[in-house]
Structure formats: C-alpha cells, structure tokens
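Hello,

Here is the structure I promised to pass on. Please open it alongside this email, and I will walk you through what turned up.

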Amino acid sequence: MATHSLLLLPGDGIGPEVMAEVEKVAAWFGQVGIAHFEIEKGLVGGCAYDQHGQAISDSDMALAKAADAVLLAAVGGPAWDSVPYEVRPEAGLLRLRKDLQLFANLRPAICYPALADASSLKHEIVEGLDIMIVRELTGGVYFGEPKQIIDLGNGQKRGIDTQVYDTYEIERIGRVAFDLARKRGGRVTSSDKRNVMKSGVLWHDTMKALHAREFSDLTLDHMLADALGMQLVRWPKQFDVIVTDNLFGDMLSDVASMLTGSLGMLPSASLGDLDPKTGKRHALYEPVHGSAPDIAGKGIANPIAMIASFGMALRYSFGLITEADLVDRAIAGVLDDGIRTADIKGKAQATVSTTEMGDAIVKKLIELSAR
C-alpha cells in the first residue's frame, strides 16, 4: 500500500467543516488498503494571521513544499477586512501559488445529471456539461510590477496594476491545455483581449504558433474574453477545454461554476511543473467556493467540492486514476439518491448536514467498491 503525504489547510469560515469530511474519505482509503495518507495540518488565511501575524507562516510553507500534495479549504472573512493589505488572508493563498510555482489552475465545470434543474439556466443548456477551464496562475496582472497606489496630491491618487506575460509562461500553460484536450474532446478555446491589450496580442500569437508547431492534430479556436463570458451562459456545451490568463480565468471560471447549480460543487487543482528527477510536482487542491462566514459553524456547508478536490489529488498527484473515478462516481451516486445539502436542495423535501453528506459519500464508496 502506497503512502502519500498530505498537508491540510482548513483555513477560515466553513473550511474546517468541509475539510473534516475529506479526512473521512482519506481514512476510508487507508482502512481498505488502497492507499495510506500521512496527514499534517497547518494554518492559512485569517486564522494564520491571528496566530502568527502572517497569512501563512514560514514553517507551514515549509510543510507545503515537503508534502506530496496540499489541500486548502477556504480563506478570508469580514473579521479580517481591516488587516494590512500585505497580510490579508488571501495573501496566504497567493504565496502558496507563487512559492510552489503553481502555474496551471484546472477548474472543471461539470453538471451532474441529478442537479441539472438546480442551475439557473435551462435544463437542456446545462445537462451533460463537462468543461475544463485552464487558468494561468502565477503571471499576469495579479503578480505584475509595478503594483502600487500613488498619492498625486490635491486629494487625488492613482492605482496601478501591471499585466505582464512572457512567451514561456503562455507556452507552458498552453501545453497543459492541449495535453488535457488530447484526453478529452480534442478542442481548445484560447481566450484573451487582444483587441485592447498588447499582452492579449502576444497570448493569441503564442497560442497559435504553439498549436501549429506541436499540437496541429487538435482543434484550436480563439475567442475574446468578454464574448466567451457571454457564450458560457448562452450555450456552454460548445466548449471542451478553455485556456486563458490569470485575470480572465478567475472571472470566467466563476461564471462557469454557477452553470452547475452551486459553488459548493466545484473543485480545482493548481499544478507546478513535473520534477524530471522525481517525477513529482507541487500541487494545491481547493474548492472554488469561499469561506462563507454567514453559514460557518452551522453544519450546513456542502462538502462535495472539497471532497472532489481530494479526488483531483488522487488523479493528478498520486496517479490513482481508478480511485479518483470512484470518488466521482460516489458523489454522482449520492446525488442520484436525492441526498442534498441546503445549497442544492432544489425540489428535495429535506436536506442533510455537512457531516451527513460526508457520511453518505463514504457509504457510497463502500457500496461501489463491493461491486
């Protein structure tokens, strides 16, 4: 039985509640002899600021670098709205991405058949939806310099953020998208704003050249980011793999998340480069949803996105493809059985708690593995 090291960062708000359900699933894999997970825990976000005065401590960053994979639940909340910008809860997430060099963010948008009616769009528009959004994560406007607010005097200030991309950054995220498309529908849609941004011109030209040079067997389309946002809510099933920059990827993936019925349903993976010596890569897995402080402590949060994020870790960090598929099937099976948390209640007569949903998924894992 293989052993894998996991660093769990529950974070703030509902984070500890949904992370506890991942521990149940990981424990089950160990109990049945499939894989053993050595788990350590750390602090990130507001709780880390309260404890260390930082959004993530150097010691917890060291644990993240040493782990085979990192699972993070959520950071932030109104309790930390007034802390200095440099140590705001989100700074811990940005540091993890930067220090672990997690340049590729994978955000699947999948509409489970049982939840097609939970989407705000018509049933026929979202039923069977399966999109993968690949977002460049360590470049662009979030990390470009200069980044500052300048006092111009006379009560005027100027805020500056800089959008910067180099060719190699665009090529490496492009390769991730094309490689994924080879295993899916064979089509990539590259999105930028080349009509108004020079970085968008470089993005478009680099993707076009990469496709012609290395991936001409696949289909590459180009679409401006604003038009793509419109098409996502008009007819999302036209897309297979979408690749875009940090800023547009942030926005477009949130749009795509609501097609599925709830933010509580969607996982994500943030991946670094493979180490040629070890064959391993740094990786961070997290749900798309936030810390939801309004429901924290009530036991009603949906843990599915957190559990599905663990499923992505099984797939992309540990090579446990069959086991990852089993987690996906267990989630789908529980939904088919009509088990719902409050956020995906739909027409259900009753809802279950966070812990009851986690228990139901473990029960379904047991049932499916016995077949």
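Let me start with strand 10 (241-244), which is covered on both faces: Val-241 and Val-243 on one side, and Ile-242 and Thr-244 on the other, are all buried. Buried here means under 20% relative accessible area, exposed over 50% and partly exposed in between, with a 1.4 Å probe and protein chains only. Helices (H or I, at least four residues) and strands (E, at least two) are DSSP runs, numbered from the N terminus.

Before going further, some ground rules. This is a predicted model, in which local features need pLDDT of at least 70 and side-chain atom pairs count only at pLDDT 80 or more, while totals for chains, interfaces and linings use all residues. Residues are numbered from 1 along each chain as its sequence is written, and side-chain values use heavy atoms, leaving out hydrogens and water.

Back to strand 10 and its partners (two strands pair if DSSP finds at least two bridges between them). Strand 5 runs parallel to strand 10, joined by four bridges, with Met-132 opposite Val-241. Strand 8 also runs parallel to strand 10 over four bridges, and there Ser-190 has Val-243 as its bridge partner.

These strands belong to an open sheet of ten, with mixed pairing and the order 2-1-3-12-11-4-5-10-8-9. Strand 2 (35-41) and strand 9 (219-224) stand at the edges with a single partner strand each, so one side of each has no neighbour in the sheet. On average, neighbouring strands are turned by 25° against each other, direction ignored. Strand 4 (residues 104-110) and strand 5 (residues 130-136) pair in the antiparallel sense over seven bridges, and Leu-106 stands opposite Val-134.

Strand 12 is worth a look too. Five of its five residues are buried, so strand 12 is largely enclosed by the rest of the structure. Ala-283, Tyr-285 and Pro-287 point one way from strand 12, and Leu-284 and Glu-286 point the other. Strand 12 pairs with strand 3 in the parallel sense over two bridges, where Val-70 has Leu-284 as its partner. With strand 11, strand 12 pairs in the antiparallel sense over five bridges, and Ala-269 stands opposite Tyr-285.

Now for the helices. Helix 10 (residues 304-316) lies across several strands, including strand 1 and strand 11, and runs at about 155° to strand 12. Angles run from 0 to 180 degrees between N-to-C directions, and axes are lines fitted to C-alpha atoms, for helices over the stretch in contact.

Helix 4 (residues 89-99) has Pro-89, Leu-93 and Arg-97 among its buried residues. What covers the buried residues of helix 4 includes helix 2, helix 3 and strand 12. After helix 4 comes Gln-101, with a positive phi near 55°.

Finally, helix 1 (residues 15-31) packs with helix 12 (residues 354-369) at an angle of about 20°, their axes 9 Å apart.

Happy exploring!

How values were computed: Contact = heavy atoms within 4.5 Å.
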